[in-house]
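The following paragraphs lead the reader through one protein chain, from its overall form to individual residues. Please keep the sequence and the model in view while reading.

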Amino acid sequence: MPDFASELDPKRWYRDGRGPRYKQLCRHISGLVSAGELVADDQLPSEREVAELAQISRVTVRKAIAELVTEGLIEQRQGAGSFVRGNGERFEQSLSSLVSFTENLQARGIASTSKVLLTGIFRPTPSESMVFGLSSHHQVARVHRLRHGDGVPMALEHSSLPEDILPRPDKIKLSLYELLRARGMAPVRAVQRVTAVNATGPVADHLDLAEGAAILQIERTAFLASGRPIEFTSGLYRSDIYDFVSELRLD
């Protein structure tokens, strides 16, 4: 563990004309990791302590740490602080294949578990009515789940389906698609949109992240072979351990 009082002295990391302070501090801390001065699970000083030692504002410290989190060098643990990330496995899911969270992890030998946060039959929101083409007298099934891989909280998934497709959402034990296949209602294609967002307080708590941490939002609308839309899922995924990949081909 380095002597932070020495390493964070501005004389060690800041030079005029070499970019914003937060960038220079980010490069300096990254260099400590590369040199082995900081190793996996080493904890950085608090935001306040870094600001005092580096003689910069806490806003500048926050920007530097956020950059290191984005680069995958630092992870922020809710209620604990900032730590050097280990070289643990990152989880990948193809954007080109229609497989469930559970199936993707099982294929990699990873134990998948879910905590149901909400389930039931509800009147559709205007957005759900538009996606599914429902009128006001129809109802939708909703399932909100916190997904884990090998015990690590990885994603929050909020799924909606027409009631005739999923009349008993409480029957979902682990895989939604497994249940839909058993009913002969599994989708055959989907449209997905990927967006970078920041974790709000409740989301950060569920995913064991610091509030404001960068995460990925995936919105998916899935269709039957007939073209009928039967599933809309909005998922929030930890970008520090989860990658979405796609294969591109020349037509």
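A residue is called buried here when its relative accessible area is under 20%, exposed when that value is over 50%, and partly exposed in between. By this criterion, 43% of the 251 residues of the chain are buried. The model is a predicted one. Its chain contains 9 helices and 10 strands, and its C-alpha atoms fill a box of roughly 65 × 40 × 35 Å along the principal axes. The accessible surface of the chain is about 13400 Å², and carbon and sulfur atoms contribute 50% of it. The chain carries 31 positive and 32 negative charges, whose mean positions are 4 Å apart.

The interior may be considered next. In soluble globular proteins, nonpolar side chains tend to be buried together. In this chain, the largest nonpolar core comprises 22 residues, and Leu 25 and Leu 38 have the most contacts inside it. Two or more residues of this core come from each of α3 (21–34), α4 (47–54) and α5 (58–70). The greatest contribution is that of α3, which supplies 6 residues. Which residues does Leu 25 contact, leaving aside its neighbours within four places in sequence? They are Leu 8, Trp 13, Val 50, Ile 56 and Ala 64. A second, separate core has 12 residues, among them Ile 165, Leu 166, Leu 180 and Ala 222.

An α-helix has 3.6 residues a turn, so residues three or four places apart point the same way. After α3 comes Gly 36, with a positive phi near 85 degrees.

Just after α5, Gly 72 adopts a positive phi of about 85 degrees.

Positive phi values also occur at residues other than glycine. Gln 55 is not a glycine, yet it has a positive phi of about 60 degrees. This residue lies in the loop between α4 and α5. Is Gln 55 buried or exposed? Gln 55 counts as exposed because its relative accessibility is 61%. Asp 208 likewise has a positive phi, near 60 degrees, without being a glycine. Its place is the loop between α9 (201–207) and β8 (214–223). With a relative accessible area of 37%, Asp 208 is partly exposed.

His 148 belongs to strand β5 (residues 140–149). Why does His 148 count as buried? It does so because its relative accessibility is 16%, and the cut-off for burial is under 20%. Apart from neighbours within four places in sequence, His 148 is in contact with Phe 101, Leu 105, Ala 111, Ser 112, Thr 113, Pro 153 and Met 154.

Leu 156 is located in strand β6 (residues 152–162). Its relative accessible area is 5%, so it is buried. Not counting residues up to four places away in sequence, Leu 156 touches Leu 117, Arg 145, Leu 146, Val 203, His 206, Leu 207, Ser 234, Gly 235 and Leu 236. Between Leu 156 and Glu 71 there are 22 Å in space, C-alpha to C-alpha, and the two are 85 residues apart in sequence.

Technical notes
Residues numbered from 1 in each chain as written. Predicted model: local features only at pLDDT ≥ 70, side-chain atom pairs only at ≥ 80, totals over all residues. Heavy atoms only, no water. Helix = DSSP H or I, 4+ residues; strand = E, 2+ residues; numbered from the N terminus. Buried < 20%, exposed > 50% of the residue type's maximum accessible area, 1.4 Å probe, protein only. Areas by Shrake-Rupley, 256 points an atom, 1.4 Å probe, with all protein chains shown as cover. Lys, Arg positive; Asp, Glu negative; His and termini not counted. Charge placed at Lys NZ, Arg CZ, Asp CG, Glu CD. Core = buried A, V, L, I, M, F, W, Y, C linked by side-chain atoms within 4.5 Å. Contact = heavy atoms within 4.5 Å.
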